[in-house]
Amino acid sequence: MASKFSLEAILAMTDKMTGPMRRAAGNVATFSRQMQSKFRSLDQHIQRVNNRINRMAKSTIATGLAASLALGVGLAAREYVQFDDAIYGATARFKAAEKPGTDMAKVMENLREAARKTGAETQFTATLAAQGLDKFALAGFTSSEAIAVLKSQVDLATVTGEDFMRVADISSDLLGGFGGSALESSKKIAMLKEMNALLAVGTLSANVTMEDLFETLKMVAPIATQAGKGMADTIATVSVLGSAGIKGSVAATALKNVFLNLSAPTDAVHSALAKLGLTQKDLIDSTGKLKSTVDIFGLIGNGMEKLTKVEQSAVFKDLFGLRGIAGGAVIAQNINQIREQLIRMGKDPQQVMEQTAAMMRQSLGNRIKILASAATEMGFRFFEAFDGDARDGLDSLTESINKFDMKPIVQTVKLILVVVRELFRILGPSLPILLGVVAAVKAWVIAQAALNFLLAANPVGLTIAAVVALGIAIKDLVDNWDLYSLNFKLKLHEILLGWQAIKYQVLDVMATLGMMDKAVAQGAFKEFGMSLIESDIMTAQRALLMKKKGLDPGEVTLRSTGRKFFSSPESMKSETTTNNNTTLDVNINGAPKGSTAKASGRPAPGLTLNYGVN
């Protein structure tokens, strides 16, 4: 029994313990299912957002690509136009240096091909190459000479890192300074290539730029050449001076004094050379030219060894003067550097320049430039396919513009101005009438509202007064209906006549321009003349009615009098009609032929109307 009780107790206890656990497990499962549903919903929402983002990204990319393509086409088109301008300019300037009878179309084709080849293979665009060729045209080169040295110019600009156009300018100028411009074509080309290579080595092995060398050499080169100094010697000396801080005009002044004093020594120079144990003959070679700078300053240095520092300064002052003493001293102190520079320049400087330039083009920046230049060349090939059609189209458009007749447009504008002017002229006098009608309508609305209010309020006295006033107004309207209706009709007729005036002004201008037949316009003027007569007869009738009713008509002004028209139809005949001792004289000048004036009714005795139309 005890064991049974114990077993039941244990089972009951187990149920009590596992029940809450089962319920908790069920709750957890339910919560898990709910969370899974939420997560699936969230995942679907995220997926939809992601799809939208992807679509937007694709649309943005497509738009960006389209915009980039349009921008690229625009830039390529602009570059092609600039290139074409440069080629035509260079060709025109090369013509002066070419032989008579040279086919300039072939010259242009050669220049175009050389410039585009440079643009496709280097970091410099075809346009820059064409502009560089133009610089050589200005320097007196022929087109074949300029094309032959183009590669050398590109390498020099690459090595020195200078602007291509500036390098071309410097090279052409310095070649003249060294006396190479007057040489025979092949020698001139060879000398320019050699000079470019020497300049490249000078900037590579000294702390100088192309601008530094140019500022010194443009003044020193002619004097050094006259004294018999070679290009390598002069450029090496200038580059070493630059590394020592003597550059530009300072270096130029120092070297000019050195070369001039040694070429044409004064008594002071002879005396200074004697102190060194030298004569001028020791500085001259077998051809009668100054020896190299290294040899001359080597001799001067040997002579200086036996002098004190003070004596050396005095000798330098006598040798080179106050302006050249600094340069002479620096050359003497750096003679070994000049010797090394000459050795470098003697080891095939053109090969050094080419190899250095090729290596520099491998940089990331230059590769990007080469890629852009190649892409530009691809654009050139595209635009070149339409070049002839584009030129023909531009010529046709220019010819059309030159032949375009502005007269119809001018006349049309004048016509519009006439219409606007007449519109203001007509609506100006009619504006008070229109405003009066508007005011009358508003007054009627207000009166009607007041009457309605009085009837609603039902004050007997005011109601009777209002009814009486209304009756009086109605009676006056009935008694004078003929005058009121004639006034209204006259005003309305004047407005319509004004609009008609605009129409006939337009017809007249159109007839003048040949846009319509003149006879049609004349017929329109005849119709308009009748309208004017009708208008003035109505004015006369109004005056007669006012007289009949005992009103003072005042001075009757016929509104048609004084009108002015572009055309002048034939004059109308004058006709006088007399009825009951009343005279109506109608004198119409300038009205269309065949027009007549008729008046009906019995004018007041003694009233005479003088009527005229211009």
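I looked up F297 and F320 and found both buried (under 20% relative accessible area with a 1.4 Å probe, protein chains only). This is a predicted model, in which local features need pLDDT of at least 70, side-chain atom pairs count only at pLDDT 80 or more, and totals for chains, interfaces and linings use all residues. Residues are numbered from 1 along each chain as its sequence is written, and side-chain values use heavy atoms, leaving out hydrogens and water.

Next, the rings. I count 4 aromatic pairs (Phe, Tyr or Trp rings, the six-membered one for Trp, with centres within 6.5 Å; planes under 30 degrees apart are stacked, over 60 edge-to-face, the rest tilted). F124 and F164 sit 5.1 Å apart by ring centres with planes at 35 degrees, so I noted the pair as tilted. F124 has 10% relative accessibility and counts as buried; F164, at 2%, is buried as well.

Back to F297 and F320: their pair is stacked, at 5.8 Å centre to centre and 20 degrees between the planes. I also saw that ring pairs link F297, F316 and F320 into a cluster.

Then I checked confidence. The protein averages a pLDDT of 74, and 60% of the residues score at least 70 (pLDDT is the predictor's confidence in each residue, from 0 to 100). Over residues 555–614 I found pLDDT under 50, with 110 contacts beyond four places in sequence in the model (contact means heavy atoms within 4.5 Å). A note to myself: where pLDDT is low, the predicted coordinates should not be read in detail.

Notes: Buried < 20%, exposed > 50% of the residue type's maximum accessible area, 1.4 Å probe, protein only.
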